[in-house]
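Biologist: I am new to this structure and would like to go through it with you step by step. Could we look at it together?

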Amino acid sequence: MIAQDTIPVILRGVRLHEDKVRGGWVLLAPERTINLDPIGLAILNEVDGECSLGKLVSVLAAKYQAPAEQIESDVTDFLTGLADRRFLEFI
C-alpha cells in the first residue's frame, strides 16, 4: 500500500494529450501510449506533482461524491500500474 503523504509525479517526457482524431485522451511517453478512459483522465487531471495521494483521494471523493475508501483503492491501483510501466513515480 502506498502512504497517504506520497506524491505521484508524472515523469519528464510524459504528457497528457487529446487525440482529436480518435476522440479521446492519451498518456504519451517516448514510444509508448496509453488510452485513457474517463476515470483515468479524472485521476491524472489531479496529479500536479505537489498534491499527496491522500489529498488527491479527498478531492476526487468530494468531486464525485463517492466513498473515499473506494476512490483510494481505484486511484492507488491505477497509479501503481502507471508507475510499473514507468509513466510516473512516487516521491
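Biologist: Is glutamate 31 buried or exposed?

Modeller: This is a predicted model, in which local features need pLDDT of at least 70, side-chain atom pairs count only at pLDDT 80 or more, and totals for chains, interfaces and linings use all residues. Residues are numbered from 1 along each chain as its sequence is written, and side-chain values use heavy atoms, with hydrogens and water left out. Glutamate 31 sits in the loop between β3 and β4, where strands (E, at least two residues) and helices (H or I, at least four) are DSSP runs numbered from the N terminus. Buried means under 20% relative accessible area, exposed over 50% and partly exposed in between, with a 1.4 Å probe and protein chains only, so glutamate 31, at 84% relative accessibility, counts as exposed.

Biologist: What is the phi of glutamate 31?

Modeller: Most residues other than glycine have a negative phi. Glutamate 31 is not a glycine, and yet its phi is positive, at about 65 degrees.

Biologist: Where is glycine 49, and which residues does glycine 49 contact beyond its neighbours within four places in sequence?

Modeller: Glycine 49 belongs to the loop between α1 and α2, and it counts as partly exposed because its relative accessibility is 27%. Although 40 residues separate glycine 49 from valine 9 in sequence, their C-alpha atoms are 4.5 Å apart. Contact means heavy atoms within 4.5 Å, and, with those sequence neighbours left aside, the partners of glycine 49 are Ile7, Pro8 and Val9.

Biologist: How are α1 and α2 set relative to each other: parallel, antiparallel, perpendicular or oblique?

Modeller: Their axes, which are lines fitted to C-alpha atoms over the stretch in contact, with angles from 0 to 180 degrees between N-to-C directions, come within 10 Å and cross at roughly 130 degrees. Angles under 35 degrees count as roughly parallel, over 145 as roughly antiparallel, 65 to 115 as roughly perpendicular and the rest as oblique. The relation of α1 and α2 is therefore oblique.

Biologist: Is threonine 76 buried or exposed, and which residues does threonine 76 touch beyond four places in sequence?

Modeller: Threonine 76 is part of helix α3 and is buried, because its relative accessible area is 6%. A polar atom of its side chain lies 2.7 Å from the backbone oxygen of glutamate 72. Not counting residues up to four places away in sequence, threonine 76 touches Met1, Ile2 and Leu53.

Terms used:
Polar contact = N/O pair within 3.5 Å; in protein donor to acceptor, adjacent residues only side chain to side chain.
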